[in-house]
Amino acid sequence: MFKKIVLGTVTLLALLSLAACGQSSESKDATNEVRTMTDAQDHKVEIPQKPKRIIASYLEDYLVALDEKPVAQWTVGEGRIQHYLQDKLKGVPTINYDLPYEDVLKLEPDLLLIGANGTLEGGKYKEYAKIAPTYVVKNGDNVTWRDQLEIIGNVLDKQDQAKKVEKDYDQLVEQTKKDLKDKIEGKSAAVLWVTNNSAFMVADNRSSGQLLYDELGFDIPQLTKDISKKATADFSQVSLESLSQLDADYIFLVNSDSGAAMFNDPLWSNIPAVKNNQLFEFDGKSSWLYNGPIAYTKMIENIREVLK
């Protein structure tokens, strides 16, 4: 009888041990589960189910919006980072915008998200793909931040959260149009960026221009229309002589050069919005030079603050 009890106990423990091993194996397999997805350049990419070490240079806005923290963040030059994201990215090491191979390798990413085709020139995709699954996010002139948010949400299996981010943003836009109706309807606005004593104007269908005109409903000044016809980037250089003809009711100025000589020029002082104290200034650390749901949300918050 005793032998039977011992034998039965040993058998039971063996079964439990096997079951535990099976569960452990299944758990490990689930952790290593991948999904095969096709990126913007038709690469078949095996995406980890829950990537932990993501590099997404210049796409950090989208990661933060989706509650993901990258293993490194974009920088260009000395100290140039996306300051408006630092409440979430403080302490995250930087990596240069062109993603040097050795730097990527040292960071040991388990997923690379590439947001610009130019990053891959010279056959760099194959090199990156040897380090980690490398997914090229759709990009280009006709791609909006919404497009990229939805794509990244899909890659990270966070489609519902991406939809919620858009919904919350749309509600903010509608509330702002309602709250500032008298300040927006029939009023024109322009966005300028001053750096190195040179002025640049945003195009009417790019970056903050798309926000001002398509979403909030500000009128487009004639100078902005003219600049936009030839625009090849978000911001196009514009002369001080041209700016003296700017008929915008409001100017939103991103000032990266507070000591610029142009601010002391009579041509600047005589711009109608400047003369009428309808110029609203933000420093170069603000979100106005960037794209993404967080950047756009902070721009709207800035507009609400100065036009309230």
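The model is a predicted one, and every value below is computed from it. Its five-stranded sheet is open, with mixed pairing and the strand order E10-E9-E8-E11-E12, while a further open sheet has three strands in the order E3-E6-E7 with parallel pairing. Helix H9, residues 207-216, packs on the five-stranded sheet, and the buried residues of helix H7 in turn pack against H9 among other helices.

- From one strand to the next, the twist averages 30°.
- Strand E8, residues 189-195, runs antiparallel to strand E9, residues 198-202, and the two are joined by four bridges; on the other pairing of E8, six bridges join it to E11 in the parallel sense.
- E11 also pairs with E12, again in the parallel sense, over five bridges, and within that pairing Ile-251 stands opposite Leu-279 of E12.

- E8 is mostly covered, since seven of its seven residues are buried.
- Ala-189, Val-191, Trp-193 and Thr-195 point one way from E8, whereas Ala-190, Leu-192 and Val-194 point the other way, and all of them are buried.
- Val-194 can be followed into both neighbouring strands, for its bridge partner in E9 is Ala-199, and it stands opposite Asn-255 in E11.
- Thr-195 stands opposite Ser-198 of E9, and in the hairpin of these two strands, where two residues lie between them, Asn-196 takes a positive phi near 50°.

- H9 touches E8, E9, E10 and strand E11 (250-255), and its direction makes about 165° with that of E8.
- Two packed helices are described by the angle between their axes and the distance between the axes.
- For H9 and H14, the axes come within 11 Å and cross at roughly 65°, and the crossing is right-handed.
- The H9 side of this contact consists of Ser-207, Ser-208, Gln-210, Leu-211, Leu-212, Glu-215 and Leu-216, and the H14 side of Tyr-296, Met-299, Ile-300 and Ile-303.

**Helix H7**

- Helix H7 covers residues 159-179, and at 1.5 Å a residue its 21 residues should span 30 Å, which agrees with the 30 Å between its end C-alpha atoms.
- The buried residues of H7 are Ala-162, Val-165, Glu-166, Tyr-169, Val-173 and Thr-176; they cover an arc of only 95° around the axis, which puts them on the same side of H7.
- These buried residues pack against helix H2 (60-65), helix H6 (145-155), helix H8 (181-184), H9 and helix H14 (293-307).
- On the face of H7 turned away from the buried side, the exposed residues are Asp-160, Lys-163, Lys-164, Lys-167 and Lys-178.

- Strand E6, residues 111-114, runs parallel to E7 and is joined to it by three bridges, with Leu-113 standing opposite Tyr-135 of E7.

**Positive phi outside glycine**

- Asp-42 has a phi near 65°, a positive value in a residue other than glycine, and is found in the loop between strand E1 (34-38) and strand E2 (44-48).
- With 63% relative accessibility, against a cut-off of over 50%, Asp-42 counts as exposed.
- Ser-207 likewise has a positive phi, near 45°, in a residue other than glycine, but it lies in helix H9.
- Its relative accessible area of 4% falls under the 20% limit, so Ser-207 is buried, and Ser-207 is also among the H9 residues that make the contact with H14.

How values were computed
Residues numbered from 1 in each chain as written. Predicted model: local features only at pLDDT ≥ 70, side-chain atom pairs only at ≥ 80, totals over all residues. Heavy atoms only, no water. Pairing = 2+ DSSP bridges. Axes fitted to C-alpha atoms, helices over the stretch in contact; angles between N-to-C directions. Contact = heavy atoms within 4.5 Å. Expected span 1.5 Å × (residues − 1). Buried < 20%, exposed > 50% of the residue type's maximum accessible area, 1.4 Å probe, protein only. Arc of directions from axis to C-beta. Left-handed = near helix turned anticlockwise from the far one by under 90°.
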